[in-house]
Amino acid sequence: MALRELKVCLLGDTGVGKSSIVWRFVEDSFDPNINPTIGASFMTKTVQYQNELHKFLIWDTAGQERFRALAPMYYRGSAAAIIVYDITKEETFSTLKNWVKELRQHGPPNIVVAIAGNKCDLNDVREVMEKDAKDYADSIHAIFVETSAKNAININELFIEISHRIPSTDSNPPSSGKGFKLRRQPSVRQRSCC
Amino acid sequence: MSVQEQSPGAALSAASQSPCEAEEAALGRCLSLLPWDRFSAWLHCICVVGFDLELGQAVEEIYPQHSKLTDKEKTNICYLSFPDSNSGCLGDTQFCFRFRQSSSRRVSLHCMLDQLDRDLPVSLKKDPAYYYGYVYFRQVRDKTLKRGYFQKSLVLISKLPYIHLFNAVLRHIAPEYFVKNEPFLEAVCSDVDHWPPPVPGKTLNLPIMGIIMKIRIPTCHDKPGTTQIVQFTQQADTQISIALPTVHEVDLFRCFCPVFFHIQMLWELVLLGEPLVVMAPSPSESSETVLALVSCISPLKYCSDFRPYFTIHDSEFKEYTTRTQAPPSVILGVTNPFFAKTLQHWPHIVRIGEIKLPGEVPKQVKVKKLKNLKTLDSKPGVYTSYKPYLNRDEEIIKLLQKGVQQKRPAEAQSVILRRYFLELTQSFIIPLERYVASLMPLQKSISPWKSPPQLRQFSQEDFMKTLEKAGPQLTSRLKGDWIGLYRHFLKSPNFNGWFRTRRKEMTQKLEALHLEALCNEDLLFWSQKHTEVETVDLVLKLKNKLLQADREHLPVKPDTMEKLQRHIDAIILALPDDLQDILLKTGTT
């Protein structure tokens, strides 16, 4: 069975639960008092998808503003980006839109974008309507799920959906496939700034 | 009561497990890690060295911020992280240096690091007295700065001699750092603090700023001359992961290209620990060439000091350049023209120009006379009056020349060269290995009731006699004065270091055999025939042996320690109750 390494990054505002989503996916655990991430933390998990093994190389970036400029190192070469917002905080949804813009301008051309509205267990203090988020996701051809890292809702589904959307390597080179295009013309790949 | 019926006791030592389990257990014990322990297993710290108009070079930042460096160390790092003299270096330059640690410090996981060190090839073992500095230096015009130039170095300080790995890390992180500053370094440190421990022989995945570096640290059990390349996965996207073919090797052929015809003489000079200076146009050339020289006698360890890049500001400058004593057994890499004068009295000087990719090989064959070396502008070559002991191997020269003509890739040329050096070194060392092995006392001279027998003395004349029948002529077609080479080598620091290591290994082997012999005796029966005082004495001695075996990782058979512990327990149980209590509690010194 072929093993594919898929780089995946998590982006989003501070405190929305990026690390918790990764912990739930990789370790199946939840810690309400998790420390803020410095730079980015890295974890891997291998899952079977059809006749391939997908090894997710997960770069869980820091949401804090001072690490904002480091993001390109993590989404560079990524097969997928999971942009996370907190359904109980409207402003985290605005931040998400900025991430989409940044990926459109500087991200890899065929990156699969997934939007995760986290903390869906806190429905009674919701600020972002599910339908609004879904409509937005559809408009940019992104995967959309509401998740709860705390209650393990839709976490595995999120990654399965990513596996599903990643172009298969069987006959095509990775650049051509049914990945969702953020822009029409795949422009010249962003070179590192060095 | 028979010994076998005794329960093994709770205090089974780790060595009774399989070596692998023992290692895991020891790692596990130590891996209740403190923050920064993982970081410290790889790096001591990361420094940023800048240029201040008033102060000159200065360490601007140290990460992690709690890292300690003495003022002397900082001064050395400052000067060693910048090009010495006006050697240009516009743009980005990478090189490495080595400096003396000025005070001993312990890291909280040293037990784990000792364990890892044990499985390393001897030339990669950590030297407690030295650090390496891996430098990424950037110098670009910048009109907004007073000096007109941006000049900064990002420096990794480490005990590990893994130049290829750390150069790759710096190539990946330094250019981004110069743009993104502090938070970037904070993130780098956090990444390194999540790296797995540097265990030899395993494929390690090291996440660093958005990519994975895949490496394998060699072990002392690897077959010499083979490189166990980390397996590449199908994708070769460097934005995702990079597999490094080596952690420590330099590009031998590229380094030796300027002094191509003299490689075999250089091998002799390094083997003999002769004072050697490499004069190069820039620190990257000097450091790579010095490391290439040091590695050319592998698997022998080069035991003297070597400085891939050495400056006039180095704290050992006086010590190494004094004219009141003969030049020391060291290899120095320098770039400052001043050294051409300071080191005029040195017997062997390697002068290299800019290292180009080997398209042309220098034509001149002759060794140059020392008196012709006046300045750093002198032509590339080896300046010495040394007469090699061995006749030159024309075949390797022809083989490499042919490679140049046929445009054989530099990597392939390096592989050929490395194999050539390896065979040469092995041909040289095998007779010594064989002779030293014969110093081991016979198995039958080991008695459990006497101290372990001593190794026989090394006798130069006896050894020389063995060369007639079992000398290097068995494995090497090279002719020449092998005897002379051996006589010279036996006086060198490299022989000393090598023999010390061998003697230690053999002494430990004797200790281990002695221990095994003891275990096969009926110790309980013995104690019953002796006085209580003698029995207590035996118990204490056995306990000490057990501790020693554990501490020094004596190469005993797997169940030996367990057996010995059972003997001890059995003897103690046969003693009166009050004595039992005391002996069970007594730790040993």
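**The interface and a helix pair**

The count between chain A and chain B is 3 salt bridges, a salt bridge being a side-chain nitrogen of Lys or Arg within 4 Å of a carboxyl oxygen of Asp or Glu. One of them joins Glu5(A) to Lys214(B), with the closest N and O atoms 2.7 Å apart. This is a predicted model, in which local features need pLDDT of at least 70 and side-chain atom pairs count only at pLDDT 80 or more, while totals for chains, interfaces and linings use all residues. Residues are numbered from 1 along each chain as its sequence is written, chains are lettered from A and ligands numbered from 1 in the order in which they are written, and side-chain values use heavy atoms, with hydrogens and water left out.

In contact (heavy atoms within 4.5 Å) are 26 residues of chain A and 25 residues of chain B. Glu5(A), Trp59(A) and Met73(A) supply 28% of the area that chain A buries against chain B, more than any other three residues; buried area is the accessible area (1.4 Å probe) that two parts lose on being put together, summed over both. Between them the two chains bury about 2200 Å², 57% of it on carbon and sulfur atoms.

Within chain B, helices H12 (residues 394-405) and H13 (residues 410-437) pack at an angle of about 175 degrees, their axes 10 Å apart. Helices here are DSSP runs (H or I, at least four residues), numbered from the N terminus. Axes are lines fitted to C-alpha atoms over the stretch in contact, and angles run from 0 to 180 degrees between N-to-C directions. H12(B) and H13(B) are therefore roughly antiparallel, the term for angles over 145 degrees.

Note on methods
Helices (H or I, at least four residues) and strands (E, at least two) are DSSP runs, numbered from the N terminus. Angles under 35 degrees count as roughly parallel, over 145 as roughly antiparallel, 65 to 115 as roughly perpendicular and the rest as oblique.
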